[in-house]
Amino acid sequence: MSVLAYLIPVALALGGAGLALFFWAMRNGQFEDLEGAANRILIDDEDDKSGAEKIEREADR
Amino acid sequence: MNVPVALDAIERAELTDSRFTVPGMRCAGCIAKIERGLQDVEGIEAARVNFSAKRVAVRHDRSLDADGLVAAIGKLGFEAQAAEANPLGQDDSESRTLLRALAVAGFGMMNIMLLSVSVWSGAGGVTRELFHWVSALIALPVVAYAGRPFFASAAMALRHRRTNMDVPISIGVLLATGLSVYETATGGEHAYFDSAVMLLFFLLAGRALDAMMRNKTRAGIGALLSRMGKSARVLAGDGSTRAVAAEDLEPGMLMLVAAGEALAADGVIEDGRSMIDNAMLTGESTPQSVARDDLVHAGTINLANPIRVRVTAASSDTALAEIARMMDEAGQSRSHYVRIADRASRLYAPAVHTLALLAFAGWMIAGVGLHQSLVIAIAVLIITCPCAMGLAVPAAQVVASGALAKRGLLVKDGSALERLAEVDTALFDKTGTLTMGEPVPRIDRLSSEQKSVALALAQASRHPLSKGLATALEGKGVTPAVVGSLCEVGGQGISADWAGTRVALERTDIVGRELSSTLRIGKELVAIPFADPMRPDVAETLAALRVSGIDSRIVSGDRQAPVGALAIELGIAGDAEMRPDTKLALLDALKADGRRPLMVGDGINDGPALAAAHASIAPGSASDVSQQAADAVFLGRALMPVALAVAVARRTMRIVRQNFGFAIGYNVLAVPLALAGLTTPLIAAIAMSLSSLVVVGNSLRLARVPSGLSS
């Protein structure tokens, strides 16, 4: 039964870590813009876009 | 919020943050356009969009002021308004508190359950005592933290000598915790920490759902009166101008109002002639031509030319503020509405308390001793704790509002759904509600050359007809012609030079029943007629409402002729030339008849009626004030979401009643067991989870909207 001396604190620490992480995420504003995060994935990277523009410009010439 | 650009400390000192609401952003492209476009502007360090709240946070140089930033966003093609410095509203902080409490209760529940299961499966002696002590150690802080929302609400109710759902919850939780501590200290067999914490977890889940539902739809809705000009440029005696905040304006001051600006106060025009967009105030879609000595109102928008306006009434004396006041008073009646959960708890709470007290007294008389009697009384309280009831209403309402949101209808809160289910009369505004509210031109007869010239001209003007024309032509893929020396004369039209030919979009002189505008190319004249088309499914919607037993009628601020014609076409009653106060009077008369009216309208002039009606819905194109006052907002061109909202609200209330029925049935079965002293904490825990699961499962049926009603 002495294993309990380790297991209970470990279980509590893991749960506590999860809780702390959730609190951190809330304070950090991770849940502030859920729809925005879903949309941002569709935005092309700045560099890619300018690259595409460059190609188009060269094609025009 | 991660700002994409890192700033060093020296620069930071000179930078400041501002927030703007940009209601027009709809997609990923808009996010990219605003963020990148703003970063290219001189003096702006970084911009970050919050899409859910339709807000932009800008970090910029102090030399840039709010007007400059609004103009910069305007240049990117988005209308923006300066937002409050602190974006965290009260509602938001409430749901955050609940979420935190829910997380803590969840953490506590899982860990205590882990220990309880081993006690239930037979752990005895020192192990059991140790587990009880560890449970106590977890449960006490968890109950103290996660129970606060209930304790605070119960204390508030008791202070006002009332009782609500939170009173039995608080008493049950506190007694169970207290008794468990006593049991633990005396080495007793049962501890109830698990029940107490689980109870809090389930109830908090219901509350958090309720709060999140409210926030989600409110987030996108702007602040009251944001349409009204926030400040005005005032001309001093020596010819210099300065910006004066709207609330500091005084009668007698001379305002300079540029084209495209909203007026900050009521006044009389001293100099200049222009077109005024009154749509937000009166619902009238045609812009009004104004000149010297004409009266103009705060909240209207100057479309064409700069004008000088002598202030006659400012801030709280304006016509707009008067409407806001009327709305405020009208909204009072709605705050007296008692939600179904509270109505149920008025009967439920006293019954439960009496039962627990009787159990205690009964067992004391039977002579089992103080301790055993107390345990049984607490078991009764825990078993009957309105756990399933706390979930019964929010679970159903959240699922229903999620299903409605997918169909383009955003319901603000649960109370709105409850009231929507009860309506029996529907009042519709005309312009912008039954109709699209925007002039649509008939352009099929124009040649492609005429189309491209018309687009070049229309693009340059802020006049509503020009905007409608530009939208329609762009939608057809027309490319604008290249024109030079554009010139707009308020009330006359816009003209330009196109390859040596004079071209113009002009006002049509003939005042007919229809709006129209004239396109001039050299000597050639073409009339472009405009119409404000009806929403495509008005007749079907009215028919669907009729089937649900709801009578419809039109109440409009527009003239008798168009309203009467529309009413006859739709086969319903119609009232024309209604002002905000006459709309209110009509609603009061209906209420006095015992009817429960639903108001559907969009303009600021509908605001008081929207606030006073039993329930109200506004289209997404409505003014901020109306969206604020309404219970629900529908998006898109179809009117069907209105009928759908009523149907789904009624179905939701049926499910809620079923849930209540189930919760009561469960109590009827469980209470005798508890009274007889046969319930152990294990049975209580299983029964509680099971009843909550059944209630949630039953509510999930609402996710399917009946196919017959889908639009």
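Two strands are taken to pair if DSSP finds at least two bridges between them. Helices (H or I, at least four residues) and strands (E, at least two) are DSSP runs, numbered from the N terminus. The model is a predicted one, with local features needing pLDDT of at least 70 and side-chain atom pairs counted only at pLDDT 80 or more, while totals for chains, interfaces and linings use all residues. Residues are numbered from 1 along each chain as its sequence is written, and chains are lettered from A and ligands numbered from 1 in the order in which they are written.

On to chain B as a whole. Chain B holds 24 helices and 26 strands. Taking the contacts in chain B with a separation of 6 or more, 68% come from residues 24 or more positions apart.

Now the sheets. Strands of a sheet pair through backbone hydrogen bonds, either parallel or antiparallel. One open sheet of chain B has four strands in the order S2-S3-S1-S4, and its pairing is antiparallel. Its edges are strand S2 (44–50) and strand S4 (81–82) of chain B, each of which pairs on one side only. Strand S3 (residues 55–61) of chain B is antiparallel to S2(B) and is joined to S2(B) by six bridges; Ala46(B), for instance, has Arg59(B) in S3(B) as its bridge partner. Helix H2 (residues 28–39) of chain B packs on this sheet, where H2(B) touches S2 and S3 of chain B and makes about 165° with the direction of S2(B). These angles run from 0 to 180 degrees between N-to-C directions, with axes being lines fitted to C-alpha atoms, for helices over the stretch in contact. Helix H3 (residues 66–75) of chain B lies across strand S1 (15–21), S3 and S4 of chain B, at about 55° to S1(B).

A second open sheet in chain B has six strands, ordered S6-S5-S7-S13-S8-S11, and its pairing is antiparallel. Strand S6 (241–245) and strand S11 (295–296) of chain B sit at the edges, each pairing on one side only. Five bridges tie S6(B) to strand S5 (residues 231–235) of chain B, and the two run antiparallel. Here Ala232(B) stands opposite Val244(B) in S6(B).

Next, the helix pairs. Two packed helices are described by the angle between their axes and the distance between the axes. For helix H11 (residues 340–366) and helix H12 (residues 370–384) of chain B, the axes come within 8 Å and cross at roughly 160°. The crossing of H11(B) past H12(B) is right-handed, meaning that the near helix is turned clockwise from the far one by less than a right angle, with anticlockwise giving left-handed. Among the residues that meet are Phe360(B) and Trp363(B) from H11(B), and Leu374(B) and Ile376(B) from H12(B). By class, this contact of H11(B) with H12(B) has twelve nonpolar, three polar and no charged residues, where Ala, Val, Leu, Ile, Met, Phe, Trp, Tyr, Cys and Pro count as nonpolar, Asp, Glu, Lys and Arg as charged, and the others, Gly among them, as polar.

Helix H6 (residues 148–159) and helix H7 (residues 166–185) of chain B pack at about 120° with axes 8 Å apart, so H6(B) and H7(B) are oblique to each other. Their crossing is left-handed. Residues in this contact include Phe150(B) and Phe151(B) of H6(B) and Asp166(B) and Val167(B) of H7(B); the class count is seven nonpolar, two polar and one charged. H7(B) also packs with H5(B), their axes coming within 10 Å and crossing at roughly 150°. That makes H5(B) roughly antiparallel to H7(B), and H5(B) passes H7(B) in a left-handed crossing.

Finally, the interface: 21 residues of chain B are in contact with 20 residues of chain A. On the chain B side, H2, S2, helix H4 (90–120) and helix H5 (125–146) each supply at least two residues, and H4(B) gives the most, with nine. The chain B side divides into 14 nonpolar, four polar and three charged residues.

Conventions
Contact = placed C-beta atoms within 7 Å. Parallel < 35°, antiparallel > 145°, perpendicular 65-115°, else oblique.
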